[in-house]
Structures are given as structure tokens and as C-alpha cells.
2 protein chains.
Amino acid sequence: MAEQLKDLADDRALLGRTSTAERVSDILRSRIAEGYFPPGTRLSEDSIGGALGVSRNTLREAFRLLTHERLLVHELNRGVFVRVLTVEDVEDIYRTRRLVECAVVRGLGDPPYGLDGLAAAVEEGRRAAREGDWKGVGTANIHFHRELVALAASERTAELMRSVFAELRLAFHVVDEPQRLHEPYIARNVAILQALQAGDRARAENLLAGYLDDSLERVVEVYRRRVGEDG
Amino acid sequence: MAEQLKDLADDRALLGRTSTAERVSDILRSRIAEGYFPPGTRLSEDSIGGALGVSRNTLREAFRLLTHERLLVHELNRGVFVRVLTVEDVEDIYRTRRLVECAVVRGLGDPPYGLDGLAAAVEEGRRAAREGDWKGVGTANIHFHRELVALAASERTAELMRSVFAELRLAFHVVDEPQRLHEPYIARNVAILQALQAGDRARAENLLAGYLDDSLERVVEVYRRRVGEDG
DNA sequence: CGTAGAGGATTGTTCAACGATCCCTCAATA
DNA sequence: TATTGAGGGATCGTTGAACAATCCTCTACG
């Protein structure tokens with residue numbers, strides 16, 4: 001913990017613009033996403049507030065933001081912790097993804113669609129794979145699906161899924177087998193993109209449903225083993 | 001012993017204590033839902049904090065919670081206001097509802113389904129209508145759709161829609177023609193329930209889609225006129 | 001009639017303080 | 001040995017106060 005706090009103090013320089021609480025939450029969010037604060041870590045008000053040089057009130061506001069995003073859990077009189085997803089959480093995340101993402105594809109109007117964002121995410125994934133950056137592939141996969149949801153052109157839907165995808169990262173980090181987890185889906189993203197480019201919504205939806213089912217199965221299998229280790 | 005412990009664990013939810021900020025936000029949330037604080041109302045820190053007997057810091061924390069739920073908007077140095085939805089907001093709410101609610105119905109497995117909650121909401125609406133309580137009918141309608149979403153058995157999906165329905169109430173309060181707004185949908189809820197009881201998902205989905213399209217059209221029509229008046 | 005500015009009211013932000021709660025330790029007891 | 005209970009330290013929850021920044025209103029003046 002001491003090591004982490006020292007590094008965290010370096011982030012203090014970034015604290016110059018916009019709302020302080022938001023900037024603090026940005027810092028913490030990326031620290032969590034990159035695994036610097038692994039799931040289960042307790043985030044103390046005193047030490048983090050001290051390291052970042054912000055007051056407790058401001059820090060608590062930042063905690064609220066991240067709690068609302070489900071990245072932190074708040075236990076009364078005990079503080080906030082980086083969330084530890086249960087297997088049920090992972091299943092629910094995929095249930096929600098399947099429901100929403102498939103509905104987005106089904107609800108698309110007539111082609112052509114604005115697929116630039118999707119194509120860019122595919123390219124991002126390919127590039128990361130070439131460089132052996134498997135975590136980058138995972139990020140690109142999430143971008144792909146975020147762009148997919150964006151096709152619905154609904155602010156609220158996009159926001160829900162943003163938080164769902166952020167949660168999913170927590171699971172990926174626990175599993176920590178990025179290549180095995182992400183590589184197989186590069187090709188499947190391409191197939192979905194091609195189906196959409198061809199205007200074939202039904203095929204895209206089928207591919208997507210199969211994708212999500214397979215991905216859930218694989219994540220849960222490894223996740224269950226990994227969670228079992230600790231208990 | 002194991003059996004007893006399991007039962008005890010269920011009781012844990014009952015003694016889940018909450019912070020004062022959460023209790024304050026609960027109070028304000030229901031006040032907003034019932035129209036006691038209509039959209040556009042400014043919530044002053046002094047008067048509300050004084051009335052509820054909580055400090056400014058605590059009250060501000062409650063405000064933040066409700067702001068995250070999109071029930072309040074925060075204007076810098078001016079305070080918080082009960083949100084006034086734009087026509088675009090209303091359209092996006094219905095876009096999200098259509099996407100999610102139809103997907104829930106489509107994603108149901110094989111019948112029979114657990115439809116007790118839906119039936120209860122229908123009965124609630126009928127009773128309110130008999131008593132001429134049109135706001136109660138609106139509440140019952142929202143309950144109906146909340147129960148519908150619950151059929152997906154996804155915690156995350158249910159939570160998203162809870163907040164969407166809470167926002168929708170804001171629109172209803174602006175329109176303020178509860179009978180015209182809610183009465184037509186009592187019968188349509190019944191029809192959807194019957195289709196589900198008959199195990200006919202496709203018909204239920206069609207009815208639902210038509211319902212939402214009509215409702216959106218009607219709400220937006222009146223809403224646009226009402227918003228125009230003020231400006 | 002329009003505008004500039006003074007003054008009051010309200011919010012933004014931080015800090016210090018105190019009570020409440022949790023967690024760990026350790027001794028007493030069966 | 002295992003369980004219980006009593007301390008004590010650490011941390012959180014909440015309040016109140018203080019001061020700066022901003023907004024709003026009303027007045028005075030051109």
C-alpha cells in the first residue's frame with residue numbers, strides 16, 4: 001500500500017482542471033481499470049485523500065461517482081472497496097449485454113449504417129494483436145461493443161452499457177489470462193462487422209448472440225476456478 | 001444449523017442500516033415522484049436542510065445521489081433543480097423502453113411465466129381507475145412495466161429501467177393531464193398480460209411495441225405544447 | 001428606458017471536531 | 001483449546017463554522 005500511495009502522489013499534477021471530484025474519480029477509475037487497485041482493495045479516505053491532496057468531502061464525492069458506476073462498493077462505517085464481482089454478477093452482465101446488444105442490432109433501420117466506429121475498433125484490436133498486446137485487444141473488444149451500442153443512438157442506453165462494460169473489466173482483471181480471453185473474438189468481431197456492412201441484421205444478431213454465449217461460458221469457467229482459489 | 005444460518009442471512013437485508021444522506025435522498029425522491037416538488041423547482045440548501053434538520057454537507061451528498069439518478073440537475077453556483085426534461089429526453093426514454101422492454105419479452109423462455117406481479121399491477125390500475133385516481137393509474141402503469149422488465153431476471157436491467165421510469169414521471173408531472181395520459185393503457189396492459197398468459201410472446205411483443213409508440217406520440221404531442229407555453 | 005454597480009443572499013470548498021462503529025488484541029473462563 | 005467479553009486504536013459519519021466565489025435584486029444614474 002505504501003508503494004501505491006507514493007505513485008498516486010505523482011498523479012497530483014493532473015489535478016488542475018474541471019471539477020476536482022471528477023478529476024479524482026478519473027484518476028481512480030483508470031487506476032482500477034489497469035489493475036493498480038485490484039478488486040477487494042480498500043480505499044481509505046485518509047491515505048488517498050492525503051496522497052492526492054484533496055479534502056475528505058471532495059474525495060467522498062469521487063467515491064460516490066465510482067460507487068454509482070459499480071466500480072466501488074460502499075460499506076457503512078467500513079469505507080469503500082474495489083468491487084469483487086461474483087459469478088452471478090458476471091452472468092448478469094452477460095445477460096444484460098445479450099439483451100441490449102442484440103436488441104440494438106435488431107432495432108437498426110435500413111442500411112447503410114454508420115459503421116466507422118466499429119471498423120476503427122476492429123482495426124484497433126488487430127493492431128494490438130499483432131503487437132502481442134492482449135490487454136489492448138481486450139480494450140479494443142470493449143470499444144467494439146460500445147460502438148455497437150452507439151448505433152442505437154440512445155444516450156441512456158449508451159450510458160447503461162458504459163457502466164456494464166466497466167464492470168466487465170473487473171472480471172477480466174481477476175481472470176488475468178488476456179490472450180485466451182480476448183484473442184478468439186477478433187475474428188468474430190470482423191464477421192459481425194461484415195454482416196452489418198452487408199446489411200444483414202439477422203445474421204449479425206445471430207453471430208452476436210453466439211459470441212456472447214461463448215464468451216460468457218469461457219469467462220465464467222475460468223472465473224469460477226479463480227474465485228475458488230482464494231476462498 | 002446450516003439451514004438456520006441460511007434463513008438468518010435472508011434477514012440481513014432488514015437490518016441494513018443506511019446513512020442519513022441516503023434517507024434524505026429517499027425522502028426527496030418520493031417527494032419528487034409524487035409531484036410535491038414539480039420539475040423546475042429549486043431546492044435550496046438552507047430551507048431544505050433546515051426543514052429536515054440535517055447539515056449542508058449531508059444534504060449536498062443527498063443531492064449528489066439524486067443528481068446521479070438524473071432527477072435533479074446541478075447548476076454551478078445556482079443550486080439544484082428538479083429536472084425539466086426536454087422533448088429529446090422524452091424521446092430517448094421511450095427509445096430505451098422500446099429497446100429493452102421488447103427485448104425482455106422476446107427473450108423469455110418457454111411458458112408459463114411468473115406473471116403474478118403483472119397481474120397485480122393490472123388490478124392496481126383498474127382499482128385506481130374505478131376510484132377516479134388517475135395519478136394512481138399512472139403509477140400502476142409504471143408498476144406494470146417494471147414488473148414486465150423484472151421477467152428478465154436481470155438485476156442490472158431492472159435497475160436501469162427503474163431510473164428510466166423515475167425520469168418518465170417527471171414528464172408526466174409536466175403534462176399534468178393524468179386521465180388522458182394513462183386511461184387508454186389500462187386495456188392495453190390487460191391485452192399484453194393475456195398474450196403472455198397464453199404464452200404468445202410474439203403477440204405480446206407486438207402489442208407492447210404499438211403501445212410504446214402510441215404513448216410516446218401522445219406524450220410528446222402534449223409535452224411539446226406544454227413546454228412551448230412556458231418559453 | 002436602459003445600464004452600471006452596490007449589497008445581500010446563496011452556493012463552493014475546506015477544515016476541525018466529536019460521536020459512532022468496526023476491527024484487532026488480549027485476557028478470562030469453561 | 002475454544003469461546004466470550006472488554007478494551008483501545010483506527011476509520012467513518014455528520015455537523016458546524018469559516019471564507020471565497022458567484023449570482024440575484026434593487027437602486028441610482030445617465
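Modeller: A residue is buried if 20 or more other C-beta atoms lie within 10 Å of its own, exposed if 12 or fewer, and partly exposed in between, with C-beta atoms placed from the backbone. This is a predicted model, in which local features need pLDDT of at least 70, side-chain atom pairs count only at pLDDT 80 or more, and totals for chains, interfaces and linings use all residues. Residues are numbered from 1 along each chain as its sequence is written, while chains are lettered from A and ligands numbered from 1 in the order in which they are written.

Biologist: Is B:V219 buried or exposed?

Modeller: B:V219 lies in helix α11 (residues 201-230) of chain B; helices (H or I, at least four residues) and strands (E, at least two) are DSSP runs, numbered from the N terminus. Because B:V219 has 21 C-beta neighbours inside 10 Å, this residue counts as buried.

Biologist: Leaving aside neighbours within four places in sequence, which residues is B:V219 in contact with?

Modeller: Two residues are in contact if their C-beta atoms, placed from the backbone, lie within 7 Å. With neighbours within four places in sequence left aside, the contacts of B:V219 are B:V90, B:A171, B:V175 and B:L181.

Biologist: Which residue is the bridge partner of A:E75 in β3(A)?

Modeller: Two strands pair if DSSP finds at least two bridges between them. Strands β2 (residues 72-75) and β3 (residues 79-82) of chain A pair in the antiparallel sense, over 4 bridges. In β3(A), A:E75 has as its bridge partner A:G79.

Biologist: Which residue in the hairpin of β2(A) and β3(A) takes a positive phi?

Modeller: This hairpin has 3 residues between the strands. The positive phi, near 65 degrees, belongs to A:N77.

Biologist: Which element gives the most to the side of chain A that touches chain B?

Modeller: The contact takes 22 residues from chain A and 22 residues from chain B. On the chain A side, α4 (56-68), α5 (87-106) and α8 (155-175) give two or more residues. With 9 residues, the element that gives the most is α5(A).

Biologist: How many charged residues are there in the surface near DNA strand D?

Modeller: A residue is near a strand if its C-beta atom, placed from the backbone, lies within 6 Å of it. DNA strand D is surrounded by 16 residues, A:G79 being among the closest. Ala, Val, Leu, Ile, Met, Phe, Trp, Tyr, Cys and Pro count as nonpolar, Asp, Glu, Lys and Arg as charged, and the others, Gly among them, as polar. This surface divides into 3 nonpolar and 9 polar residues, and the charged ones number 4.
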